[in-house]
Amino acid sequence: MTQAATVTVPPHALPASHADMANAIRALSMDAVQAANSGHPGMPMGMADVATVLFTRFLKVDPARPSWPNRDRFILSAGHGSMLLYSLLHLTGYKDMTLEELKNFRQIGSRTAGHPEFGHADGIETTTGPLGQGIANAVGFALAERLLNARFGDAVVDHFTYVIAGDGCLMEGISHEAISLAGHLKLNKLIVLFDDNGISIDGPTSLSVSDDQLARFKASGWNTAAVDGHDAEAVAAAIAAAQKNDKPTMIACKTVIGFGAPKKAGTSGVHGSPLGPDEIKGAREKLGWPYAPFEIPAPILNAWRQAGSNGAAFSAAWDKAFATLPAADRAEFERRMTGDLPAEYDATIKAYIAKLVADKPKWATRKSSQMALEAINPVLPEAIGGSADLTGSNNTKTAGLDPVKPGDFKGRYIYYGVREHGMAAAMNGLALHGGVIPYGGTFLVFSDYCRNSIRLSALMGQRVIYVMTHDSIGLGEDGPTHQPVEHTASLRAIPNLLVLRPADAVETAEAWDIALRSKDRPALLCLTRQDLAAVRVTETAENLSAKGGYELRAAEGTAKVTLLATGSEISIAMAARDLLQQQGIGTRVVSLPCFELFDEQPEAYRKAVLGPGTVRIAIEAGVRQGWDAYIGDNGAFIGMKGFGASGPFEKLYQHFGITPEAVVAAAKARL
């Protein structure tokens, strides 16, 4: 079922004028911001005309069925203008966006947070606010649509992704990465409406930027157009043309920020502050809106509700088309959209781990990750891999994963190029769209480049999997610029993010199993460049790493020392244990691949694993931060105190004192 370009009810049939409907957005926005005494009224007032055209003539959504899979996605990248989105959701009839919610804008417990937050209300497709994130997320949304379309066809997946972005979104560096990738891949179902108002917080954008945005987008492979954003017919014509294009489209909509405000319109004064009673009174007079705060006359509200109800016809038609598909295709699509793993996944991962226990491979965990994916990817068709130009180093590509190419979306592997931040944000969009599970790789040190997107993965609770290799000084000769001594600790500080640092091939497979089963939070795998010996050599019925920490090797005799370690430093702990045991000192080794999961275990379990009454020594080739909670007052930390250095990794461990002998000395000094 190919979607038509316009809704079934033409604009002239609506029981209110375009101006009345746009002014309803303006009035609700300025009233809510005034009531909260906080917010950004300027953008909603300036883009009200554009949004009215989009929502009444083009956007195919069904407020009565907000999760309809083939709905168009609308992304408010300029998230500070959140009242634009909240007003639209209320006016078009989303049940959980009541007038009371608008009146409680920016208040604790309301659905109307200062910036749109995914999960707070239906119709909010992603969390925006950090500028540039929305437009970069939208690349992932548009890419997911094309990937699923290639698998299931037009009858099931054929929709647009629309974005409203502002000057700030386009100034942020992530936007360059995002639009470059979108243009390269020819994501023609992506349409960006640029709020070209020439104003930022500091004042006119001419203070800081003189880019020709149309030329910039065109150079990145986009179709472009420029219109008067207050000319409804011009906006409509541009969107209709964009829908027929074979490239993504950016429409620069020239607008007046704070349109209708008699003194503040067109100035930075209307960007991020309430208008004030006098200015609101003047705006009502200038706009011809004589109604009380939050009052929307019935004819205007009915017109909006009618526009919102038009989507029901499209969702119903989709149901009929979907019902004609083979049963197997319907079941597969529904499984992917719910996020459930395939039935054969459990047996596959269990058999693979059993083979690892038997074979005891000595692999770098980046290689272990690739081999786990070699087993998983054939039974997990929704897994979409990629790397930020480090495919051969991250080991993220497996057999059978053909590349996604410009205009050809049958593959499952994305060459993101040197665009770490754009990759991370696009993966958020892929996950939010549904139907795919994205994973992407880079070096752990470059997690800083995509940290804001990683943080938003966690904030939104999305199953996004970050494959971060070269995880310590163990990468060797590339030196301190590439050795991530502080990154693991800093990533552990992000709430709701699972940071997994496995010690061998078995723990790496378990880490992948954890990440894939975690529907409501992202996972980040910290993987080595250097080979590691197998330490999990006995088959277990459960995924031990899923507890975050466990006793890997028991003491011989009474335990006096507990060695806590992760990843590559487990081998150092094992060697230190042998030295201590030779001296008659009972020593245990505990693997802590995931602090977050360990902290969620019952207190009794945590106490038992940490070894009450023993001297605890933590070993990790990173900074100490985060370890004191586990080693206690009489413990010690063997790790990094500053940046690394360039040299062979074996010599670096000696140089920085991360050795079995150093562990033994620290333990004996505390006994």
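Trainee: Is D578 buried, partly exposed or exposed?

Mentor: This is a predicted model, and the class follows from the relative accessible area, with buried meaning under 20% and exposed over 50%. D578 has a relative accessible area of 37%, so the residue is partly exposed.

Trainee: With which residue does D578 form a salt bridge?

Mentor: The partner is R577, and the closest N and O atoms of the pair are 3.4 Å apart. R577 has a relative accessible area of 4% and is therefore buried, whereas D578 is partly exposed.

Trainee: How many salt bridges does the whole structure contain?

Mentor: A search finds 31. One of them joins R151 to D329, where the closest N and O atoms are 3.4 Å apart. R151 belongs to helix α6 and D329 to helix α14 (residues 327–338), so this pair ties together parts that are 178 residues apart in sequence.

Trainee: Are R151 and D329 buried or partly exposed?

Mentor: R151 is partly exposed at 36% relative accessibility. D329 is also partly exposed, with a relative accessible area of 23%.

Trainee: What does the salt bridge between R492 and E620 look like?

Mentor: Their side chains meet at 2.9 Å, N to O. R492 lies in helix α20, and E620 lies in the loop between β19 (615–619) and α25 (628–631), so the pair ties together parts that are 128 residues apart in sequence. R492 and E620 are both buried.

Trainee: Which residues are linked with R492 and E620 in a network of salt bridges?

Mentor: The network also includes D471, R501 and E569.

Trainee: How many bridges join β11 to β12?

Mentor: There are 5 bridges between β11 (residues 437–443) and β12 (residues 465–469), and these strands run parallel. Y439 stands opposite I465 in β12.

Trainee: What is to be noted about the phi angles of R106 and N496?

Mentor: Most residues other than glycine have a negative phi. R106 has a positive phi near 65° without being a glycine. Its place is in the loop between α5 (99–103) and α6 (133–152), and R106 is partly exposed at a relative accessible area of 26%. N496, likewise not a glycine, has a positive phi of about 70°. N496 lies in the loop between α20 (487–492) and β13, and at 32% relative accessibility N496 counts as partly exposed.

Trainee: What is the average pLDDT of the protein?

Mentor: The average is 96, and 98% of the residues score at least 70. Over residues 1–12, however, the pLDDT is below 50. In the model, this stretch has 32 contacts beyond near neighbours in sequence.

Key:
Residues numbered from 1 in each chain as written. Predicted model: local features only at pLDDT ≥ 70, side-chain atom pairs only at ≥ 80, totals over all residues. Heavy atoms only, no water. pLDDT = per-residue confidence, 0-100. Contact = heavy atoms within 4.5 Å. Pairing = 2+ DSSP bridges. Helix = DSSP H or I, 4+ residues; strand = E, 2+ residues; numbered from the N terminus. Buried < 20%, exposed > 50% of the residue type's maximum accessible area, 1.4 Å probe, protein only. Salt bridge = Lys/Arg side-chain N within 4 Å of Asp/Glu carboxyl O.
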